[in-house]
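Subject: Structure for your review

Dear colleague,

My notes on what was found follow directly after them.

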Amino acid sequence: QIRYSIPEELTRGAFVGNIAKDLGTDVAKLAAANLQVLSDSDSQYFSVNVNTGVIMVSERIDREQLCGQNPRCFLHLKLAIENPVEFYRIEVEILDINDNPPEFPSDEVALRIYELASLGARFPIQPAQDPDVGTNTLQTYHLSANDNFNLNVKARTDGGKFPELVLERALDRELRAFHYLVLTAEDGGSPPQSSKIRITIQVLDANDNHPVFDRPSYGARLVENSPLGTLVVKLNATDVDEGPNGDIRYSLSSHNSAALRQIFAIDEQTGEIRVQGNLDFEEATVYEIEVEAKDMGSPTMEEHCSVVVEITDVNDNAPEVILTSFSSTLSEDALPGTVVAVIHVRDRDSGEQGKVLCHVSPDLPFQLRKDYEHQYSLLTSTRLDREHVAYYNVTVSASDLGNPPLSRHTILPITLIDVNDNAPQFDQASYEVLVAENNPVGSVLVTVSAADPDSEQNSRLSYSILRAGGTDPGLDPTRYLSIHPTNGQVTAKFPFDYEQTTYLQFHVEVSDGGSPALRNRTLVHVFVVDQNDNAPQVHFPRAGEDSATQFRISPSIVPPALITKVVAIDADSGRNAWLSYHLVEATDLGLFSVALRSGEVRIMRALQETDASEHELLVVVRDAGEPPLSTAVTLVVLVEEKGPEALQGSEARAADGGGLPTITLYLIVSLVLISTVSLVALAALGI
C-alpha cells in the first residue's frame with residue numbers, strides 16, 4: 001500500500017506522486033503491463049500518466065464535500081497491472097485548507113429584553129458554522145464594547161462553541177430603549193477568516209398596573225338547550241398602562257372544570273361570553289364561571305371576577321325505560337297473568353314534565369300493570385299459541401306530561417318456547433301403492449310424509465310400520481317391508497310374488513320427539529301387479545323331459561278327426577295367462593293342424609299310401625305377456641291298424657274318450673276364476 005497526502009482544492013493536473021518510482025519499477029514496464037487506475041468512489045479524482053508513472057489530479061477535490069467534519073479524509077485507488085496480474089492499493093489523504101470562513105445563519109438578530117431583567121441573565125445567540133476542521137475551524141468570538149453586556153462562550157464536548165450575552169448592568173428603557181452590538185466569529189487559519197452579526201436589543205417597558213373590571217361579579221339567566229352562540233354576558237375591564245401593558249385579553253380561568261370550558265367560550269378581545277356547548281338543566285342548574293383579564297405586559301398582570309349563570313328547565317328529556325327484569329323467552333303454555341318483564345321508567349325533567357305514563361298496543365296478548373310510581377309489570381293477557389305466532393315485538397311506549405309531550409318507545413323481543421301440543425299429521429289419510437312383482441330388494445315403494453307444527457325436538461318425527469287390523473296374521477308387513485325412521489321411505493325386504501301375494505295393507509305410525517310423544521297413523525294399501533314371469537305348463541299330454549308322447553291313428557281316419565288335445569295352464573293372470581297353440585314343426589305340415597286357442601290337434605286330409613307311417617309334431621304353447629313366454633311339447637303320431645291309444649302309460653284317448661273332457665272342464669273353470677280375480681283387483685284399484 002502506498003500513501004500520499006495532498007491539500008484540497010488543487011488544480012487539474014497537479015502532481016500527487018510518482019507511482020513508478022515508489023513501486024521501484026521502470027516506466028516502460030508499467031506502460032507495457034497495461035496499467036489501469038480503479039477508484040472506490042463514483043468520481044475519478046485522479047489519473048495516471050503511463051508514460052511517466054505520475055499520478056495527477058483530474059477533478060476538483062472539496063474536502064468538506066467528501067468527508068464533512070471528519071478530522072481525517074482519504075480517497076482510495078487501486079492499480080491493476082497485467083502479465084502477471086498484480087494489484088496495488090493507494091491511499092491519498094486530503095488535507096484541509098482554510099477555504100471557508102465562519103458564517104452566522106443571518107446578518108442580524110433582534111432581542112427583546114424586559115427592562116427589569118435580573119443581572120446575570122443569559123441570552124443565547126445562534127452560533128456561526130465553519131465547515132473546515134482542525135485549527136481552520138471556528139475558534140473564538142469577539143463582542144463590541146458596551147456598558148451592559150458581556151460575552152460568554154460555551155464549549156461542548158464535540159468542539160462546538162455557542163455564544164451568549166450576559167447582562168452585567170441593569171437596563172433602563174427610559175434612559176436607553178435600544179442597544180446595538182456587533183459579534184465577530186473568527187477561525188484559527190493562517191491568515192484567519194471571520195464574519196460578523198449585528199445584534200439589536202430592544203428594552204421592553206415594565207408593566208406596573210393590573211386590569212380592573214367595572215364590577216366585582218356578573219349574573220345571567222339562560223334557558224337550557226339555548227342555541228350555540230347565545231350571548232351570556234359582556235365583560236368590561238380597563239388598564240391605565242399604555243401599549244401592550246394596557247392591551248387586555250379575556251380568558252376563562254384555569255380554575256374552571258374541563259366540562260364548563262366545553263359549554264362556555266369567551267372572546268379574548270371583546271370579553272363576550274357565549275354558549276358553545278349543550279346547556280342541560282338536569283346536569284346543572286347553576287354555572288359559576290371564573291374569568292380573568294390579562295394585560296399584554298411582560299410579565300403580564302391579571303384580575304379575576306366571577307359570572308353566575310342560572311339555567312331554566314324545559315321539557316327536553318324523553319322518558320327512559322329501564323328493564324329491571326326481563327325474559328326474552330316464554331313458554332307457549334304460560335297462563336294469563338304471567339309476568340314477562342319488570343319495567344322502571346324515569347324522566348330527568350322536573351315537575352309535570354317529569355311524570356311518565358306507559359302503555360302497550362291492545363292488539364297484543366300482553367298488558368301493563370302499574371305496581372307503584374315509576375314501575376310497571378308486563379303480563380300476558382290471553383293464552384299463547386306458538387304455532388300461530390312464534391315471535392312478538394312488544395313496544396312499550398312511555399310519554400311524559402310536558403307540553404308538547406315527549407315519548408320513547410322500547411321494543412321487547414319475546415320468543416315463545418314450543419310445547420308439544422300438536423300431534424303429527426300425515427299429508428294423506430291413506431296411501432295406495434302399485435308394486436310390480438319381482439321388484440328389486442331395497443327399492444322404495446312409497447314415501448309417507450307427515451308434518452308437525454311444533455318446533456325442534458317436538459317436531460322431530462319417527463316412522464314405524466304396524467300390522468293393520470283385520471289382515472291375515474300370516475302376512476306380517478315387517479317381514480316384507482321396512483321404513484326409514486326419519487324420511488318415511490318404505491322399502492321392500494324381498495321381491496313380491498303376485499302368485500303368492502296380490503294385496504297387502506299395513507299401518508304407518510309417526511311419533512314426534514316430545515315428552516310425552518304424540519302419535520298418528522295412516523293406512524297403506526299395497527297392490528301387487530302381475531308380471532309375465534311364468535311360462536305355460538303343459539298338463540296333457542304328460543311326457544318326460546326328453547321324451548315324446550306317442551299316439552296311434554288308423555290309416556282310414558277321416559279328417560278333420562281329433563287326434564289329441566294339448567292342455568296347458570299359465571300361473572300368471574290376465575294377458576300373461578292368455579295362451580295360444582302353434583304347430584311349428586311337423587313331418588308334413590299340411591297333414592295336421594293345431595287349434596290356436598283350444599290346442600286341439602286334428603288331421604287335415606286323408607292318409608295316403610305315400611305318407612310316412614310315423615309323424616313327429618312340435619307344438620309350442622305361448623302366452624300373451626311382454627315379452628311372451630312359451631313351452632314346447634313333442635307329439636309322435638303312428639299310423640297303425642289299431643285304434644288311437646296313448647302309449648307309455650298315458651291316459652289320453654281319442655276325442656270321444658273320458659279323460660279329455662274332464663281336463664277341459666278344469667281348464668275352463670281355472671280361466672274363469674283367474675279372470676274374476678283380475679277384474680276384482682282392477683275394480684279395487686280403481687276405487
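A cavity, as the word is used here, is a set of grid points where a 1.4 Å probe fits but cannot get out, and a residue lines it when an atom of that residue lies within 4 Å of such a point. Please bear in mind throughout that this is a predicted model.

A search of the whole structure finds two cavities of 30 Å³ or more. The largest cavity holds about 40 Å³ of space. Its lining is made up of Ala568, Ile569, Asp570, Ala577, Leu579, Leu667, Ser670, Leu671 and Ile674. Sorted by class, the lining of the largest cavity has seven nonpolar residues, one polar and one charged.

Pockets

Helix H6 (659–686) returns in the largest pocket, where this helix and strand S40 (519–529) each supply at least two lining residues. The volume of the largest pocket is about 460 Å³. Of the 23 residues that line the largest pocket, Tyr498, Val677, Ser678, Ala681 and Leu682 lie nearest its centre. The largest share of this lining, eleven residues, comes from H6. Domain 5 (425–529) and domain 6 (537–639) each contribute at least three residues to the lining of the largest pocket. By class, that lining has 17 nonpolar, five polar and one charged residues.

The second largest pocket contains about 360 Å³ of space. It is lined by 18 residues, and the closest to its centre are Gln69, Gln129, Thr137, Gly159 and Gly160. Strand S10 (138–143) and strand S12 (161–167) each give at least two residues to the lining of the second largest pocket. This lining has six nonpolar, seven polar and five charged residues.

Domains and nonpolar cores

The chain is divided into domain 1 (2–95), domain 2 (108–204), domain 3 (212–312), domain 4 (320–417), domain 5 (425–529) and domain 6 (537–639). Between the C-alpha centres of domain 3 and domain 6 the distance is 135 Å.

In soluble globular proteins, nonpolar side chains tend to be buried together. In this model the largest nonpolar core has 27 residues, and Leu235, Phe264 and Ile273 are those with the most contacts inside it. At least two residues of this core come from each of strand S16 (217–223), strand S17 (231–234), strand S19 (248–252), helix H4 (258–263), strand S20 (264–266), strand S21 (272–275), strand S22 (286–295) and strand S23 (302–312). Which residues is Leu235 in contact with, leaving aside its neighbours within four places in sequence? They are Phe213, Tyr218, Tyr250, Ile266, Thr270, Gly271, Ile273, Val291 and Val307. A second, separate core has 25 residues, among them Tyr431, Val435, Leu461 and Phe496.

Backbone features

Most residues other than glycine have a negative phi, and most peptide bonds are trans.

- Asn403 and Pro404 are joined by a cis peptide bond, with omega at about 0 degrees. Pro404 belongs to the loop between strand S30 (391–400) and strand S31 (407–417).
- The peptide bond from Pro559 to Pro560 is also cis, with omega near 0 degrees. Pro560 is placed in the loop between strand S42 (549–553) and strand S43 (562–565).
- His374 has a positive phi, near 75 degrees, and is a residue other than glycine. The loop between strand S28 (366–372) and strand S29 (375–380) contains His374. Its relative accessible area is 28%, so His374 counts as partly exposed.
- Glu456, again a residue other than glycine, has a positive phi near 50 degrees. This residue is found in the loop between strand S35 (450–451) and strand S36 (462–467). With a relative accessible area of 65%, Glu456 is exposed, because exposed means over 50%.

Yours sincerely

Definitions and conventions: Residues numbered from 1 in each chain as written. Predicted model: local features only at pLDDT ≥ 70, side-chain atom pairs only at ≥ 80, totals over all residues. Heavy atoms only, no water. Domains from an automatic or database assignment. Core = buried A, V, L, I, M, F, W, Y, C linked by side-chain atoms within 4.5 Å. Buried < 20%, exposed > 50% of the residue type's maximum accessible area, 1.4 Å probe, protein only. Helix = DSSP H or I, 4+ residues; strand = E, 2+ residues; numbered from the N terminus. Contact = heavy atoms within 4.5 Å. 1 Å grid on protein atoms, 1.4 Å probe; cavity = no way out; pocket = protein on both sides within 12 Å on 5 of 7 lines; lining within 4 Å. Points joined across faces, edges and corners; volume = space filled by probe spheres on them. Nonpolar A, V, L, I, M, F, W, Y, C, P; charged D, E, K, R; others polar.
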